[in-house]
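Here is a briefing on one predicted model.

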Amino acid sequence: MKILVAGATGVVGSRLVPLLVQAGHEVTGTTRSAERADAIAAQQAKPLVLDAFDSPAVHDAVLAVRPDVIVHQLTDLSGEDFEANSRLRIEGTRNLVSAAKAANVEVMIAQSIGWLYVPGDAPAVEDDALDPTLPPYEGVAALEEAVAELPRGVILRYGALYGPGTWYAPDGAIADRVRAGSLRPSPAWTSFVHADDAAAAALTALDWPAGPVNIVDDEPATTADWLPVYSAALGVPLPGTARHAAATGRPVSNRKALDLGWKPQIPSWRLGFAAMESADQT
């Protein structure tokens, strides 16, 4: 198929492009930065420098490529600018969806998040409600509603991405917080997914029906569970337990994704963090 990957140089997009090429697809990848175009070309895909906020440019690009599928992996999180990321989810997604409609593209696979469910003890499934009181809600809701306008809009609700290039990498933002002692053990829930498995899910999703799918590993965990393992992998002391910490968030189920044929190659963050420690020592 002809596939347009919007956000081809991001954490997931840069891993996804070679998977699509290896599977025999004709891939065009977008990037905001002309300096990153060579990285896309090196993966045997066609680079396209594109500003997702430029609606006419997005419209023209999609009409020119006329892909069978658009994979939406656009994010703006490198500088921890959450407002910018929300704007991209709202405006960038709207531009992509409008362009897809104009070019008669029926399939879009889009990156969303899996930590927005209403709090609870039972693992969240895709039919459970999202929590409108959480800050990312506006952008996520706009993204998911826009993608659902297409005949087959697949929403990948990723867990917390970890691995090289993410906030959880040894040089990432979460690692910095742990070293500074500002992140402490608590009952807050996190459901992780390695970035490699996130990319593999986007590849597998080419054959999935419309709707949201949680993409998380097999072991949801509280910060009290995962932080000691992560701290050890970084080689730093475990920060003291947070006082009066309340349980927040919710574990997330990956049953639907498993039933659709995706299986994480790194089934638990325990293995992923241990591999990070081993790589750091070599």
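Strand β4 is covered on both faces: Val69 and Val71 are buried on one side, Ile70 and His72 on the other. Buried means under 20% relative accessible area, exposed means over 50%, and partly exposed lies in between (1.4 Å probe, protein chains only). In a regular strand, side chains alternate between the two faces of the sheet. Helices (H or I, at least four residues) and strands (E, at least two) are DSSP runs, numbered from the N terminus.

This is a predicted model, in which local features need pLDDT of at least 70 and side-chain atom pairs count only at pLDDT 80 or more, while totals for chains, interfaces and linings use all residues. Residues are numbered from 1 along each chain as its sequence is written, and side-chain values use heavy atoms, with hydrogens and water left out.

**The sheet**

- Seven strands form an open sheet in the order β3-β2-β1-β4-β5-β6-β10, with parallel pairing. Two strands pair if DSSP finds at least two bridges between them.
- The edges are β3 (46–49) and β10 (211–215), each of which pairs on one side only.
- From one strand to the next, the twist averages 20°.
- Strands β1 and β4 pair in the parallel sense over four bridges. Here Leu4 has Ile70 of β4 as its bridge partner.
- Strands β4 and β5 pair in the parallel sense, also over four bridges. Val71 stands opposite Ile109 of β5.
- Strand β5 (residues 107–113) joins β6 (residues 152–158) in the parallel sense through seven bridges. The bridge partner of Ile113 in β6 is Tyr158.
- Strands β6 and β10 pair in the parallel sense over five bridges. Tyr158 stands opposite Ile215 of β10.
- Strand β10 is mostly covered, with four of its five residues buried.

**Helices on the sheet**

- Helix α1 (residues 13–22) lies across β1 (2–6), β2 (26–31) and β4 (69–72). The helix runs at about 175° to β1. Axes are lines fitted to C-alpha atoms, for helices over the stretch in contact, and angles run from 0 to 180 degrees between N-to-C directions.
- Which residues of α5 are buried? They are Gly139, Val140, Ala141, Leu143, Glu144, Ala146 and Val147.
- The cover over these α5 residues includes β4, α4, β5 and β6.

**The α4–α5 pair**

- Two packed helices are described by the angle between their axes and the distance between the axes.
- The axes of α4 (residues 82–102) and α5 come within 7 Å and cross at roughly 10°. That makes α4 roughly parallel to α5. Angles under 35 degrees count as roughly parallel, over 145 as roughly antiparallel, 65 to 115 as roughly perpendicular and the rest as oblique.
- From α4, the residues at this meeting are Ser86, Arg89, Ile90, Thr93, Arg94 and Val97. From α5, they are Glu138, Gly139, Val140, Ala142, Leu143, Ala146 and Val147. Contact means heavy atoms within 4.5 Å.

- Helix α8 (residues 223–234) has twelve residues and reaches 15 Å from its first C-alpha to its last, close to the 16 Å expected at 1.5 Å a residue. The expected span is 1.5 Å times one less than the number of residues.
- Its buried residues are Thr223, Trp226, Leu227, Tyr230, Ser231, Ala233 and Leu234. Seen down the axis of α8, they fall within an arc of 155°, so they line one face of the helix. The arc is that of the directions from the helix axis to the C-beta atoms.
- Just after α8, Gly235 takes a positive phi of about 75°.
- Thr190 sits in strand β8 (residues 189–190). Thr190 is buried, at 14% relative accessible area.
- Leaving aside neighbours within four places in sequence, Thr190 is in contact with Ala160, Pro220, Ala221 and Trp226.

**Loop residues**

- Leu206 is in the loop between α7 (195–204) and β10. Leu206 counts as buried, at 7% relative accessibility.
- Not counting residues up to four places away in sequence, Leu206 touches Met1, Ile3, Leu20, His25, Val69, Ile109 and Arg152.
- Gln44 lies in the loop between α2 (37–42) and β3. Its phi is near 70°, a positive value in a residue other than glycine. Gln44 is exposed, with a relative accessible area of 62%.
- Arg66 lies in the loop between α3 (55–65) and β4. Its phi is near 45°, a positive value in a residue other than glycine. Arg66 counts as partly exposed, at 45% relative accessibility.
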